[in-house]
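My notes follow the structure.

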Amino acid sequence: MTATQTGPAGRMQIARGLAALRERCGATQTQIAERAGVSTTTVSRYEMWQDRARIRWATVRALADACEATAQEREALVRIAKSQADGWWVGNSAVPEWMDPLVSFEHEAAYEHVYANTVVPGLLQTREYALAIHQAREVRSGNDVIERMVDARVARQEILRRDPALHLWAILDEAVLHRTVGDADVMARQFRHLQDAAESPNIDIQILPFSAGAHAAGAGHFVILGRDDDKDPLNSMAVVYIEMRRRGLYLDDAEDVAAYKLTFDYLRSQAADTKVSSRLIARARQE
């Protein structure tokens with residue numbers, strides 16, 4: 001059996017697909033294990049995308065058959081297991097292990113919705129702004145380490161220029177415009193970059209003004225990554241990423257994802273529209 005180092009995004013699709021198939025046929029993990037000729041631990045591991053062990057596509061096929069999958073469903077899962085390739089971020093020391101899933105999900109997602117309440121999101125940062133952020137956060141790291149981290153952040157932004165491009169919708173708290181990162185020149189260039197980015201058809205930027213008062217987000221920065229495919233549900237994905245100090249929390253439970261999607265919808269209604277937001281950014285740049 002051939003084993004592949006399937007990335008987190010692919011693993012999630014396989015895990016959710018196998019779990020859904022098993023639930024549909026009304027079998028337990030133990031029953032599926034017996035039918036497929038594997039251990040119950042193996043079934044459990046293949047239904048949990050956080051596991052970093054290699055995926056064997058023949059095992060995926062056996063589990064799908066044990067779950068009474070159709071030929072199309074089975075081959076869809078096997079195709080995911082076979083087609084995964086290591087991205088530039090895998091094994092890259094500049095990308096922390098806890099961020100590996102985020103970059104993988106961005107690579108596979110069709111859209112990314114982000115709410116930022118302290119700094120400009122990584123996909124929209126200029127190199128100078130990103131450098132100032134990393135210098136402030138990595139106070140004990142050398143310049144060469146920080147430069148590699150900045151290189152990795154800039155490399156992530158290529159997904160905004162791929163074909164088809166990732167659709168990024170960012171809502172920035174007005175506080176982001178007033179927190180000086182670097183110096184005035186760095187901020188002025190960052191604001192110009194935001195204005196230019198907002199002109200791209202695949203990027204929407206809204207500002208949540210102070211005048212909005214209390215708002216739906218309540219807490220801090222969060223990201224929703226997803227891809228919707230009504231014709232092939234196994235090709236869909238959705239996950240929420242919440243950034244913490246030196247680790248990230250990933251939520252893929254349907255109820256959790258739905259709750260954050262609803263929160264983002266409310267934030268979009270509470271934030272200034274894109275035209276007004278562009279003027280707010282322009283005013284901040286002038287100031």
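Predicted model: local features only at pLDDT ≥ 70, side-chain atom pairs only at ≥ 80, totals over all residues.

I take buried as under 20% relative accessible area, exposed as over 50%, and partly exposed as in between, with a 1.4 Å probe and protein chains only. Residues are numbered from 1 along each chain as its sequence is written, and side-chain values use heavy atoms, with hydrogens and water left out.

**Aromatic pairs**

I searched the whole structure and got four aromatic pairs. Rings of Phe, Tyr and Trp (its six-membered ring) pair if their centres lie within 6.5 Å; planes under 30 degrees apart are stacked, over 60 edge-to-face, the rest tilted. F222 and Y260 are edge-to-face, because their planes meet at 65°, with ring centres 5.0 Å apart. I then checked where they sit. F222 is in strand β6 (residues 222-227) and Y260 in helix α11 (residues 254-270), so the pair ties together parts 38 residues apart in sequence. Helices (H or I, at least four residues) and strands (E, at least two) are DSSP runs, numbered from the N terminus. F222 is buried at 2% relative accessibility; Y260 is partly exposed at 25%.

Next I looked at Y241 and Y250. Their pair is tilted, with 5.0 Å between centres and 40° between planes. Both residues are buried.

**Charges over rings**

My test was NZ of Lys or CZ of Arg within 6 Å of the ring centre and within 35 degrees of the ring normal. K82 lies over the face of W57, 4.1 Å from the ring centre. R268 lies over the face of W169 at 4.6 Å.

**Nonpolar cores**

I count a core as buried Ala, Val, Leu, Ile, Met, Phe, Trp, Tyr and Cys residues joined through side-chain atoms within 4.5 Å. The largest has 49 residues, and F105 and L194 are among those touching the most other members. Helix α10 (residues 184-198) gives the largest share of this core, five residues. Leaving out residues up to four places away in sequence, L194 touches V120, L124, L172, I205 and I281 (contact: heavy atoms within 4.5 Å). Another core, of 20 residues, lies apart and includes L21 and V60.

**Helix contact**

Which residues of α1 meet α6? P8, A9 and M12 in α1 meet D100, P101, S104, F105 and E108 in α6.
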